[in-house]
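Let's walk through a protein structure together, one piece at a time. Have a look at the picture below, then read on.

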Amino acid sequence: MGALEGRVAVITGAGRGLGREHALLFAQEGAKVVINDLGGAIDGSGDDRSPAEQVVDEIKAMGGEAIANADNVADWEGGQRLIQSALDAFGDLHVLVNNAGILRDRVLVNMTEDEWDAVIQVHLKGHFVPTRHAAAHWREQTKAGKEVKASIINTSSTSGLLGNPGQANYGAAKSGIASFTQIIAMELGRYGVRANAIAPAARTRMTEATPGLGDIVQPPDDPAKFDVWNPANVSPLVAYLATESCPATGKVFFVQGGTVRLFQPWTMTETIERSDRWTVDELAADMPKLLNEDATAR
Ligand SMILES: NC(=O)c1ccc[n+]([C@@H]2O[C@H](COP(=O)([O-])OP(=O)(O)OC[C@H]3O[C@@H](n4cnc5c(N)ncnc54)[C@H](O)[C@@H]3O)[C@@H](O)[C@H]2O)c1
């Protein structure tokens, strides 16, 4: 029996790249899958239903169950239709993988309002909208007395959690997604919903288009060697987090090749303190204790 037998999953941005790999593995492990993808270009422009439909065909060809959905995850009604499509087709929903994403890389001094808005919209709002509609369903189920064992897996990035120049829009959205994950894990636990995030590293059109990374992510010349950048390496962690009995919640994991690492959340370290308000001069004298601590921590 597959690890996801009986689970119904919505995977956003599943027509290509990482989402496609998640969908194929989920189906292999027995899940019924909604393949969401509006099929846009890497910058989010345009739409093309064929990538999502091809993944559905692949899943059906291996004996699995899947449907395609072409809604924009950042659109309120679109996100509602997406969640409803799982309920209509498969009668339930247990897993939401928020994965859809775009890139509009630019150094801050050249970044346009549109480049900022588009990236924040697709990633941050595109995580919020499907999550909000799925959470409403799970709350309803809990209130009706049903035991919910649901899982949300979000997609963050080291570009945000560790920082990457040229990606202020993308990095801000991806750090926001990590915080969003922590907070929804706190809020939705009472409805039987766990939430975690991954920060993946893999070969997709996104990394192939990233200056300096395009060559690094290519498969090894020797096919016997482990292809560390293969996007399929990321999906087993996502599938594990989607299983009914997985205990993890509120966590963020880096995942690449055969490596899974737990991120430490934002945390406070050294303190300077006095029993009265600081003056600027006093802070100037004492702050190096904190600043030097920060320098050694890096
Ligand atoms: N590839 C990496 O190494 C890497 C690293 C860190 C984070 N990520 C994140 O992983 C996720 C998947 O990226 P990928 O590398 O597979 O890229 P990708 O471009 O291959 O896949 C992203 C998919 O999302 C779809 N999409 C975009 N906007 C959408 C929208 N509004 N509604 C529905 N679908 C939409 C696209 O059509 C595309 O098929 C993204 O969130 C990305 O930021 C990837």
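**Helix α8 and its neighbours**

The buried residues of α8 pack against β1 (8–11), α1, β4 (95–97), β5 (150–155) and β6 (193–200). Two residues are in contact here if their C-beta atoms, placed from the backbone, lie within 7 Å. Helices (H or I, at least four residues) and strands (E, at least two) are DSSP runs, numbered from the N terminus.

This is a predicted model, where local features need pLDDT of at least 70, side-chain atom pairs count only at pLDDT 80 or more, and totals for chains, interfaces and linings use all residues. Residues are numbered from 1 along each chain as its sequence is written.

Which residues of helix α8 (residues 235–242) are buried? They are Ser-235, Val-238, Ala-239, Leu-241 and Ala-242; buried means that 20 or more other C-beta atoms, placed from the backbone, lie within 10 Å of a residue's own. Seen down the axis of α8, these buried residues fall within an arc of 160°, so they line one face of the helix. The arc is that of the directions from the helix axis to the C-beta atoms.

Now turn to α4. Its 31 residues, at 1.5 Å a residue, should span 45 Å, and the end C-alpha atoms are 42 Å apart, which agrees. The expected span is 1.5 Å times one less than the number of residues in the helix. The buried residues of α4, among them Val-119, His-127 and Trp-138, pack against β1, α3 (76–90), β4, β5, α6 (168–188) and β6. Just after α4, Gly-145 takes a positive phi of about 90°.

Methods:
A residue is buried if 20 or more other C-beta atoms lie within 10 Å of its own, exposed if 12 or fewer, and partly exposed in between; C-beta atoms are placed from the backbone.
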